[in-house]
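Hi,

Here is the structure I promised to pass on. My notes follow below it.

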Amino acid sequence: NNIGVSDICTIDSIFLDVPELSFNLDTEQFFTTLDVVRNVLLAPPPPKREYEYVKNDFAEGAVADGKSSRSNSAATEGGNMTRLSRGDSSGSMAEGVKRRAEQRRNSLYGSVIDEGDESNEETYKTRWDEVMAQMGKIHVSNKKGRQKMREAVQLVLGELEERCFEAAQVRCISWGVGKGTWKINHVNKLDDVEVVFTGLKGAHDFKDDGSMVSSFDLENFFVRSYKPGPESIVFSDPTSVVRNELSSFSRTPCQRCGVSFDPESNNVNSCTFHAHDNGEPGTFLLGKGGGWTCCGATWEGAPGCNSRPHIGKELAIVATIESLPKLKCGQSELSIYKHIGFTFYPGVKSYVSNMQITRSVGELFMAYFM
C-alpha cells in the first residue's frame with residue numbers, strides 16, 4: 001500500500017539560449033550582477049526530496065498514519081492516492097538510494113566506512129570537526145592567516161577529491177549567447193570601451209556533494225573604443241584595444257551555411273537558417289502536406305526562419321573549471337578549485353593578439369574593476 005518515490009537520482013536539466021545580449025553596467029552594478037550569477041544562478045541545488053504515496057479511501061485531508069495530511073498532501077486525479085512528505089521509513093528502494101546519497105555527503109573523506117565500524121567513522125568525524133574548528137578561528141585578512149588556511153585545507157584536500165569521485169550529478173545548466181556587447185565606462189573617465197564577443201556557450205554540472213564542473217567556449221572577441229583619447233593617435237587604428245588575428249591561416253567558412261565571414265562584422269542576423277525555438281534544426285518533409293517542421297514553409301528553398309551569428313570552426317578560448325565543495329573559513333566561504341584550464345585557439349598553429357592599451361584606457365579599467 002506504500003509506494004516510495006524519490007527524485008534523488010534525477011538530474012535537473014536547464015537550457016538557456018540568448019540570441020543577443022547587450023549590457024551597460026557601472027562598477028557597482030557589475031559586481032552586483034557578478035554576485036547574483038555566482039551565489040544565486042550558479043548556487044548548489046537544494047537537497048533532493050522524497051515522497052511516499054499511501055493508498056487510502058478517504059477524501060483529501062483525511063488522516064493517514066495517525067497524522068493529518070491536509071497541509072502536505074496532494075490528491076491524485078483518481079482520489080485514492082495521497083502524497084506525503086517522506087518519513088523515517090526503511091526497506092524501500094527509494095530509502096536505500098537516499099541512504100547511499102547521505103553516506104556520500106556525510107563521508108567527508110570519500111573512504112569506505114563499514115556501517116558497523118563506529119570507531120572508524122568517529123575518527124573521521126572527529127578529525128573533520130577539528131579541522132573545521134581550526135578554520136573557524138582563522139582570519140584571512142593577513143598573510144599569516146592565509147598560510148594557516150592553506151595548511152588546514154591540505155589536511156582534507158585529498159579526502160575531498162576522493163569524495164568528489166563518488167558524488168552523483170544532480171543538475172546540468174547549459175547556455176549559449178549568440179552575440180554579446182559589454183560597454184565599460186566610468187563617470188570620472190572620458191574613455192568608453194566596448195567588449196564584443198560571439199559564439200559564447202557553456203555548461204555547469206552540479207554534484208550532490210556541492211562540487212561543480214564548469215566549461216565554456218568562446219569563438220571570437222575583440223575590444224574597441226569609440227572615444228579614443230589623444231594618446232591613441234599614434235596607433236594605425238586608434239579605436240582598437242584588443243584584436244586577435246590568425247597568422248598565415250584563413251578562417252574556415254560558417255559551419256552552418258558555408259559562407260565566409262568577417263568575425264568583427266558578425267551580427268545576430270548574419271546567418272539565417274531553419275530551426276525550432278529550442279535550437280533543434282528544422283526538417284523539410286516531402287509529400288502531400290509536407291514542409292518545414294519549424295516554420296511550416298512549403299518550399300524547400302524558403303529563407304530561414306531563424307538567425308544567429310555565423311559559426312566558425314576556430315575557437316578563441318576553451319576553458320574548464322572544476323571546483324570542490326565550499327568550506328567555511330571564519331565568517332567567509334572558501335572556494336577550492338581542483339582544476340582551472342584555459343586554452344587559446346586550440347588547433348591553430350599561429351595567432352597574434354594585438355593590445356593597444358594607453359594610460360587613459362588603463363586608468364579606466366582600474367577605476368571600473370578595482
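Arg 243 is partly exposed, because its relative accessibility is 25%. (Buried means under 20% relative accessible area, exposed over 50%, partly exposed in between, with a 1.4 Å probe and protein chains only.) Its partner is Glu 264: the two side chains form a salt bridge, 2.7 Å from N to O. A salt bridge here is a side-chain nitrogen of Lys or Arg within 4 Å of a carboxyl oxygen of Asp or Glu. Arg 243 sits in strand 10 (residues 240–246) and Glu 264 in the loop between strand 10 and strand 11 (271–273), so the bridge ties together parts 21 residues apart in sequence. Strands are DSSP runs (E, at least two residues), numbered from the N terminus. Glu 264 is also partly exposed, at 28%. Asp 237 joins Arg 243 and Glu 264 in a network of salt bridges.

Before you go further: this is a predicted model, where local features need pLDDT of at least 70, side-chain atom pairs count only at pLDDT 80 or more, and totals for chains, interfaces and linings use all residues. Residues are numbered from 1 along each chain as its sequence is written, and side-chain values use heavy atoms, without hydrogens and water.

How confident is the predictor? The chain averages a pLDDT (confidence in each residue, from 0 to 100) of 77, and 71% of the residues score at least 70. Over residues 58–98 the pLDDT is below 50; this stretch has 63 contacts (heavy atoms within 4.5 Å) in the model beyond near neighbours in sequence. Residues 107–117 are also below 50, with 19 such contacts.

Back to the salt bridges. The structure holds seven. One of them pairs Asp 17 with Arg 308, with the closest N and O atoms 2.6 Å apart. That pair links strand 2 to strand 14, 291 residues apart. Asp 17 is partly exposed at 30%, whereas Arg 308 is buried at 15%. Another joins Asp 12 and Arg 171, at 3.7 Å. Asp 12 is partly exposed at 29%; Arg 171 is buried at 18%.

Best,
A colleague

Definitions and conventions:
pLDDT is the predictor's confidence in each residue, from 0 to 100. Helices (H or I, at least four residues) and strands (E, at least two) are DSSP runs, numbered from the N terminus.
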